[in-house]
Every structure is written in C-alpha cells, then in structure tokens.
Amino acid sequence: MTDAPALTPGQARRIAVAAQGLDRPRPAPGTVTMAHLQRVIDRIALLQIDSVNVLARAHLLPLFARLGGYDVALLDRATGRAPRRLVEFWAHEASYVPPRTYQLLRWRMDRYRRRNHWGRELAHHSGLVEAVRDVVAEAGPVTAREVHAALGHARGAKEHWGWNWTPAKHALEHLFEVGEIAAAYRTSQFERAYDLTDRVLPAAVLAEPVLPEEDAVRALVALSARAHGVASVRSLADYFRLPAAATARAVAELVDAGTLEPVTVRGLGRPAYLHADARRPRRTAARALLAPFDPLVFERRRLVAGWGMHYRIGIYTPAGQRTHGYYVLPFLLGEHLVGRVDLKADRAAGVLRVRAAHAEAPAAVPGLPATGGGAWPTPGTVVTELAAELAALARWLGLGEVVVDADAGGDLAAPLAVQRGLLG
C-alpha cells in the first residue's frame, strides 16, 4: 500500500457522500416515482429497519434524505406487492434488501440452521415448528398474533423489558432465519406478516442458482464498496455484517479483478479501497438530516476518522448519560457533518419539535482547508440551511410547523428560533 494513490480527507468525504447519492439534486416534491426509489436502492443496497417512530420509521428517513418529499406508499408497494423490489432479512441488522441480495444471504441462513438457536429453544415443544409452518403455508401471509390464535397460544404476563415471545413466535423466527418463510410485508403496527419464501420472492430470482458462500460474500462486498465509494476493510465488512477474514479475502479478489483500487487516505491510519465506479467530485452541495440508521453513519468509527464526529444514538442511553438528546440526527451540509439535532414529530400538536440543536466543532475535522472548496460553512449558513431542511422535513411529515422548544439545549437552538419565519 506504500505506493497506493493518496486521497485527502476531503476527497474521501466527498467520494463517500457521492457514493450514497446524497449530493444528487432531489426531485421536486410530488414527482418522485418508483424509478427514483429504485435508483436509490441500487446505490445504497439496503435500508435498515427499526420500530422506533419518534420521527418516522427508520427505513423511511434515508429515502427522504436522498429524494426529499416522497409518498411512502411507494415503499409499501416496493416491499409488499409484485413485482417485489425489496424483502426483509438480517443484512445490516434487520433490513430491506433487493430479492437478489436476499439470495446472496443464503449462506447466513445456512449458518443459522446449523447453529439452530431457536430450534434448541423449541426442542421441548414437539411438532410446533411443523405446526407453525403448516399454518403459514395454509393461511399466509399471517402475523404472529394470527398464528397464536390459530394454535391457541397466548402470551403470558410481561415480567421484564424483553419481547415476551410465545413458543409459536420463536418457531416463526426460526423459520424466518433459516429462509423457509419470509416477511411478505409489515403491517401498520409494524408486525411482520409471514408467508412461504417461495411465495414472497419473485419466481425469476428463485430460479437462479444460489452462489457458494465465498462467491456470495464477494458479491456483497462489491455492493458494500459501491455504496461506500472508498472505505477500509472494516467498514466494508460492517455494511452487511460480514466476517472480517472473508471480507479481506473478497477485497483482495476484487482488487485483482479491477473492481477496487488500493488507496491511502491521509490521516486514516489504515488501508482503504476505492471503487472503480466511484465519482470524485471537487465539491458537493449536499444537504440532509441523517437518521441514526442511515448508511452514511452506520459505522461510528468511520465517522470519527473521516468526519471527526463521535456519534451515539440516544434512544439506548439512560437519560442522564445522553449528550445530545434522545433521537439525534447528524446534519450533513456539503461534505461536512456540521451539527446534530434532537427531533420529535409531535403529531398530536401537528408540529416538528426541535428538542436540542448542537453545532459541531470544525477543529475536530481531519484535513479541513481554511478557505475554498471543502471549507467549513459559516454559522449563519449552517442555521439557514438547517432551518430550510427542517421545514422540508416537517412538510413531508404532514406537520404544520417547526417549533424550537423553549428549553431546547445546544448552541444552535437559539439561532434556529430566530429563524422562525423560515420554519413555518
């Protein structure tokens, strides 16, 4: 790697932003089509799912960051109707992925089968897995509640913070993990509706041969590399939660094939790899609020190394230990993460609440130029652009205005409140 081409930290940031499609002009509100959504999916490869709905479901927000105001019914169609464009499985945690990517994860299903975690849990419930499989086959798509009802199961009293799953739910999860059943869609209550995998995946995809594990991992690393633009082996592995050693082998093979090029990023301290198709913009006009599960911020150590941001999601942190709030979104402006905002969609009041707004310190950013392209935006620019992005988010969420709480924390809260005329 000593003779590898060198990238500045700014170049690496701009490549990463461009690879995620965050620098592309957004379509006008109301004009977003399935073709727009498909292009985003082709670029970022997955959407992480999470049930937290403080602002909007986790898988909805990365699409807003790239498309602006879009009709969420497009995603319902993509995940729940033929031709199905997205299906759910464990990729980067629970995620929506294209059907062909689902097939690339068959080796993971085989590992789950060998590990047999839920199978061991169910060993003392003779015939239950078969009974659950039969219910799904006969009545699918069905939710766990419907399976419980069909089998006469009921939940016991909830005694702790856990999920309180019944044996039938354990059986459903076992069949889901090993690929025998799949999520046909999510209900409005965010429950999975299960069906046989053969009835969920498109027939054309099912007809294709399943790749051996080594080939599938290499294909997944190639998808990860395209979504990153430039990244270390660790980041490439994290995107689909791949084994480190298998990822390193795949990277070496992709270098030999010309898909990846070894590069150095000044100050990174570890080898990096540039995708052959990565764009190298000299500057970017990106502006987006990034959800905690947005692919650009998946790998928190990468954020520290490339953007100088120490970022932790507050929802899993006790209140007294939170540093920036509960549901905190980094604010991307140009190539920089210039702030973070704690937001809540107050649907009862019809407002988007800013509960805290903190500016980032440019001194922490690697390779920051004093002037010109890649320089840190002025505080006034940050506030104006953040106000405009919050207004766009509120409109998309169907909320009447943006309100900065009177007790909002952070050094951006007061300037944002002054911008109230922009926030309605």
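Trainee: How many helices and strands does the protein have?

Mentor: This is a predicted model. The protein has 19 helices and 15 strands. A helix here needs at least four residues, and a strand at least two.

Trainee: Why does the radius of gyration agree with a compact globule?

Mentor: Set the value against the rule. A compact globule of 424 residues would come near 22 Å, and the protein has 23 Å, so the two agree. Along the principal axes, the C-alpha atoms fill a box of roughly 70 × 60 × 45 Å.

Trainee: What makes a residue buried, and what percentage of the 424 residues are buried?

Mentor: Buried means under 20% relative accessible area. Residues of this kind make up 53% of the 424. The protein exposes about 18,600 Å², and carbon and sulfur atoms supply 52% of that area.

Trainee: Which percentage of contacts join residues at least 24 apart?

Mentor: Take contacts between residues at least 6 apart in sequence; 66% of them join residues at least 24 apart. A contact requires heavy atoms within 4.5 Å.

Trainee: What volume does the second largest pocket have, and which residues are closest to its centre?

Mentor: Its volume is about 380 Å³. Lining it are 17 residues, and the closest to the centre are His 59, Asp 76, Arg 186, Thr 187 and Ser 188. Helix 4 (73-80) and strand 6 (181-186) each give two or more residues to this lining. Helix 4 gives the most, with 4 residues.

Trainee: How do the lining residues of that pocket divide?

Mentor: They divide into 7 nonpolar, 6 polar and 4 charged. Arg and Asp count as charged, so Asp 76 and Arg 186 belong to the charged group.

How values were computed
Residues numbered from 1 in each chain as written. Predicted model: local features only at pLDDT ≥ 70, side-chain atom pairs only at ≥ 80, totals over all residues. Heavy atoms only, no water. 1 Å grid on protein atoms, 1.4 Å probe; cavity = no way out; pocket = protein on both sides within 12 Å on 5 of 7 lines; lining within 4 Å. Points joined across faces, edges and corners; volume = space filled by probe spheres on them. Rg over C-alpha atoms; globule rule 2.2 N^0.38 Å. Buried < 20%, exposed > 50% of the residue type's maximum accessible area, 1.4 Å probe, protein only. Areas by Shrake-Rupley, 256 points an atom, 1.4 Å probe, with all protein chains shown as cover.
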